[in-house]
Amino acid sequence: MTTISTIDKLREHLGDTVTLQGWVHQSRASGKVAFILVRDGTGLCQCVMEKSDQTAGFFDETRRLAQESALEVTGVVVADARAPGGFELQVTNVCVVHAARDYPITPKPHGIEFLMKLRHLWFRSQRQWHILRIRATVVDEIRRYFNDHDYVLIDTPIFAPAAGEGSQTLFKVDYFGEPVYLAQTGQLYVEAACMAHRKVYCFGPTFRAEKSKTRRHLTEFWMVEPEIAYASLGDVIDAAEDFVCSVVQRVLRDHRPQLIELGRNVEELERIQKPFHRITYTRAAEMLRSPQAKALLEQDLVAKQERLAELDRRIEKLEAVAKGDGKQWDKDVAAAEAIEAREERAEVQEQIRNIPHHLELAAGFEWGSDLGGSDETIISRLHDKPVFVTHYPKHAKAFYMREDRADERVVENFDLLAPQGFGEIIGGSAREEELGRLLARIRHDHLPEDDYEWYLDLRRYGSVPHGGFGLGVERTLCWLCGLKHIREAIPFARMMGKIYP
RNA sequence: UCCCCGAUAGCUCAAUCGGCAGAGCGAGCGGCUGUUAACCGCUAGGUUCUAGGUUCGAAUCCUAGUCGGGGAGCCA
């Protein structure tokens, strides 16, 4: 009777005979020795099987086990520098649970369409495994942070009778013959709850029917929304800052190796310390029109053009190698690198095409417009840490945001822009607590007043200054992991025109 | 809603000016006693997205459509 172990605990079993329950991640075999890289959900372990009297009974059948075959493998745990991870299993027995055939995801590169259709299998790949582990930690830290800071969890409804935000982005569903909408935010409900519990938060999926096919958009994404009674705009910003630092620290603490594996620059994350930068929208607008912004983009253009020339040279060289008559191995590597370089070239070309437009947008930025994606990128790249942009023009923002009493053209809101151009990860505000002002805004925006009767009650009975924010889990994960596309930050992405699997 | 790009073997990609449909991986078989995306040999594998058109001849050119990728607007 041997111990059943998991790969993450092998270190504790050095010298022991243990059984691993897992799947074949990769395998290499010769006539007399086979290396099976086993994946068991907790990690990877190289299992070495030498042909001998002991293994004769199963060696020939198992040496060529196909990728993703399920197996129980028993052996002695030994330390070996040649093994990935430093430990390996000297196999004494193998029990095939299920022999797989023709597993579609191979160790070679695949296209994104193919991988998304096989999302249910793509999970098993190392990169995806790391990302979803980090996601689980981020979600855990979100809950832990708010629970430990005296926030009360309030679950808000998914079926909502009216719009929380722009009504063009609502998913309409039939509710016993009545049209209702999938929630875009739980905010109005947590506002009600914070008057009962002082500090509350909701955490769940939200739905937006935005017709956006970009690397930053999902139609179903997860958002945490804390709401605090007796809070000023400054209090809410302080809370957001502390919270974001806490999430970053936790991910650094628990996932440093995974972040490095994903290619994330860990030093950049280590710089995420309080205080973050705080600028007003008006100042941001000035920055966009400033010589610094222009210089940044112009330098960017030069850098991108140099990169493009470099890539052209590289691609030419790689193609020559790939088509030459060198060793097959070298040709393969060159061909794979050429594909990667071509992808990067296409991306750089697109960026170069966009820069003049971005320059124009920034230089011609007028007070009153909302900040666009490229504007946010410029602002965040002019800073080395996350930036809070506050006090946006009233007419560009939602009706519930508190009017600045000192300047009624703006509201007391903020966005938090992640550094390195990852864009907006938080939106928040102080909420309008005066019934009269709120009613005027609802009427001005032609919103259905009846639907908001209950919400207006909050201003009739013990209305106090309060505020909160919403943090998008997937966008935060993109930033933390350095992901290029949001679809990798959620187990099963829901995007415009995509709902399988 | 708008703009740009793409679709060739199971996968990733080639195919020069419009002239015989190719390679690697994966799969199958064989070989190899320490591999790290293993290696070596052999085998099988094609309605070139769809429908029209131009042409002696179309993967390649034209028109329309479908699907996918990226971006704008909008947003977390």
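How many nonpolar, polar and charged residues does the surface near RNA strand B have? In this predicted model, the surface holds 17 nonpolar, 15 polar and 26 charged residues. Altogether, 58 residues lie around RNA strand B, and those that come nearest are Arg28, His110, Ser212, Arg215 and Arg475. On the RNA side, sugar and phosphate make up 55% of the atoms of RNA strand B that come within 4 Å of the protein.

Helix 10, which spans residues 328-363, gives the most to the surface near RNA strand B, namely seven residues. Several other elements each supply at least two residues, including helix 2 (112-117), strand 2 (17-29), strand 3 (33-39) and strand 4 (44-50). Strand 6 (87-98), strand 12 (220-229) and strand 16 (423-431) also each supply at least two.

A few individual atom pairs bring the picture into focus. For Ile425, a polar backbone atom is 2.9 Å from a sugar or linking oxygen of RNA strand B.

Strand 12 also contains Glu227, a residue worth a visit in the structure above. Glu227 has a relative accessibility of 0%, and because buried means under 20%, Glu227 counts as buried. The side chain of Glu227 makes a polar contact of 2.8 Å with the side chain of Arg431. Beyond its neighbours within four places in sequence, Glu227 is in contact with a set of residues that includes Gln187, Val190, Glu191, Cys194, Arg198, Lys199 and Val200. Among the other contacts of Glu227 are His466, Gly467 and Gly468.

Turning to a sheet, three strands come together in the order 8-10-9, forming an open sheet with antiparallel pairing. Strand 8 (159-160) and strand 9 (172-175) are at the edges with a single partner strand each, so one side of each has no neighbour in the sheet. Strand 9 and strand 10 (residues 178-182) run antiparallel and are joined by four bridges. Across this pair, Lys172 stands opposite Tyr181 of strand 10.

Methods
Residues numbered from 1 in each chain as written. Chains lettered and ligands numbered in written order. Predicted model: local features only at pLDDT ≥ 70, side-chain atom pairs only at ≥ 80, totals over all residues. Heavy atoms only, no water. Near = heavy atom within 4 Å. Polar contact = N/O pair within 3.5 Å; in protein donor to acceptor, adjacent residues only side chain to side chain. Nonpolar A, V, L, I, M, F, W, Y, C, P; charged D, E, K, R; others polar. Pairing = 2+ DSSP bridges. Buried < 20%, exposed > 50% of the residue type's maximum accessible area, 1.4 Å probe, protein only. Contact = heavy atoms within 4.5 Å.
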